[in-house]
Amino acid sequence: MGLFGIVLALGLLMWLAFRGWSVLLAAPLSALLAAALSGEPLLAHWTQTFMGSASEFVARWFPIFLLGGLFGKLMDDSGSISSIARYLTRRLGTSRATLSVVIASAVVTYGGVSVFVAFFVLVPMAEEMFRAADIPRRLMPATICLGAFTFTMSALPGTPSVNNAIPMPYFGTTSFAAPGLGIIASIVTMAFGMWWLRRAEAAARRAGEGYGAGAPAPLVIDEMIREHATTAGEFDPAEILHGERSDEGPSPALAALPLVGVVAVNFLMSLVVLPRLDFGYLGEEAWGGIGLGAVAGVWSVSSALAFGALTVVVVNRRRLAALRESLDAGANSSVLPVLTVGSVVGFGAVVAALPAFTVIRDAVLSIQGGPLVSLAVAMNMLAGLTGSASGGMTIALNALGDTYLRLAAQHGIDPSLMHRVTTISAGTLDALPHNGTVLTVLQVCRLSHRESYFDMVMTVVVSTILASAVVIVLGSIFGSF
């Protein structure tokens, strides 16, 4: 009965999230259903297990959500995202429209801009490019998503995304873990995704299919978009309309400066500054009795995003006509997402505490192929079930992180390799139809699953599964590099 309760609770959570219910309600309701069917104490699981795990997630990751929201909103309101996107599309031209959209999406998200901020700039740009090149608009979501939330979210070394940050305290790594493998995974993802897009474009031209109907529509953030986005990301789309976007952005070089600064500061803090300082006091009880590895990653990414936000303000002060409003909107944009993902994590904590979960844990750990394969399967499974890479990853690592770290030591596996396998694997099946990012980009593009989802599967899911397999094979043979 307990195992049936877990499956039923997961199904309820998925269905309610897909229907646009707030996860703040759906997650505790589903968790309590699982606990009830397992004969466990409901109130204790709600206040102690659910809220304890959710509050721990918020306490650990809110700085990155907060600073990421500020940085993304300032980049948007200053016109910097639009400036970078326009420059790249002009340089590559309409003859390479899909490539220009992919690169523009990748550049801004790798530099630290939330994918949900980027969508509302990239979609109008993609519409313009695809219309000029007469490419079917149904390919826009697959093109944008290939650049925005595949390799820049989980594979490229140093990416300041929440997904790349989450494994750091569990494995004592940095966001630059296994850089060589991350670059190879990015190349595999990009190569396969672009091959598929070119193939789909060529097939459409042979069939005489052009851009199709669909004129640009005014930006509307409805509650359905908001609920879907805050389940899967770190920016509340409702704040997009607050503040004031500049009509004239900076030059491409100035627009890119904060993005470069984020990556550079993250690198320096992770590999140069923090390792050379004495943080022995962290071992004292007053500071949690922890080592530097437990917080170094969060400190590095937070410092990088703070530097990026400050750089945007300094470079674009005259363009930020409503600076306080932009800052308020950026800060507010982080609250609902961090609480929503925290609720998903709380749900996972209740499930992991149930007696029947031992069956699932043992089944995952007994998967043939070694720790890397079972780790990849665990990440794929939980990210897919929850529809959230960050939520599924945190649930898996809270339940099995210590176990996998111990297995890594036993098998001589570098924790950096575990980190990279974790991030890439969590970014595969999370893009199932109920995923908030998938639902959001389809709604913003005014397209349906029937029209666009198959191509999204190929550029987002299949490409990253291939990359994950390549990393596991190379890591098993050569180790981390």
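**A helix pair up close**

Reply: Happy to. In this predicted model, the axes of helix H2 (residues 23-37) and helix H3 (residues 42-77) come within 9 Å and cross at roughly 130 degrees. Two packed helices are described by the angle between their axes and the distance between the axes. Angles over 145 degrees would count as roughly antiparallel and 65 to 115 as roughly perpendicular, so H2 and H3 are oblique to each other. The handedness of the H2 and H3 crossing is right-handed.

Now to the residues at this crossing. On the H2 side, Ala 27, Pro 28, Ala 31, Leu 32, Ala 35 and Ala 36 take part, and they meet Leu 42, His 45, Trp 46 and Phe 50 of H3. Sorted by class, the contact of H2 with H3 has nine nonpolar residues, one polar residue and no charged residues.

Nine of its nine residues are buried, so H7 is largely enclosed by the rest of the structure. Among the buried residues of H7 are Met 140, Pro 141, Thr 143 and Cys 145. Their cover includes helix H5 (97-110), helix H6 (115-133), helix H11 (179-206) and H22.

Helix H22 (residues 449-478) also holds Ser 468. Ser 468 is buried, with a relative accessible area of 8%, and its side chain joins that of Ser 425 in a polar contact of 3.2 Å. Leaving aside neighbours within four places in sequence, Ser 468 is in contact with Ala 376, Ile 424 and Ser 425.

Methods
Residues numbered from 1 in each chain as written. Predicted model: local features only at pLDDT ≥ 70, side-chain atom pairs only at ≥ 80, totals over all residues. Heavy atoms only, no water. Axes fitted to C-alpha atoms, helices over the stretch in contact; angles between N-to-C directions. Helix = DSSP H or I, 4+ residues; strand = E, 2+ residues; numbered from the N terminus. Parallel < 35°, antiparallel > 145°, perpendicular 65-115°, else oblique. Left-handed = near helix turned anticlockwise from the far one by under 90°. Contact = heavy atoms within 4.5 Å. Nonpolar A, V, L, I, M, F, W, Y, C, P; charged D, E, K, R; others polar. Buried < 20%, exposed > 50% of the residue type's maximum accessible area, 1.4 Å probe, protein only. Polar contact = N/O pair within 3.5 Å; in protein donor to acceptor, adjacent residues only side chain to side chain.
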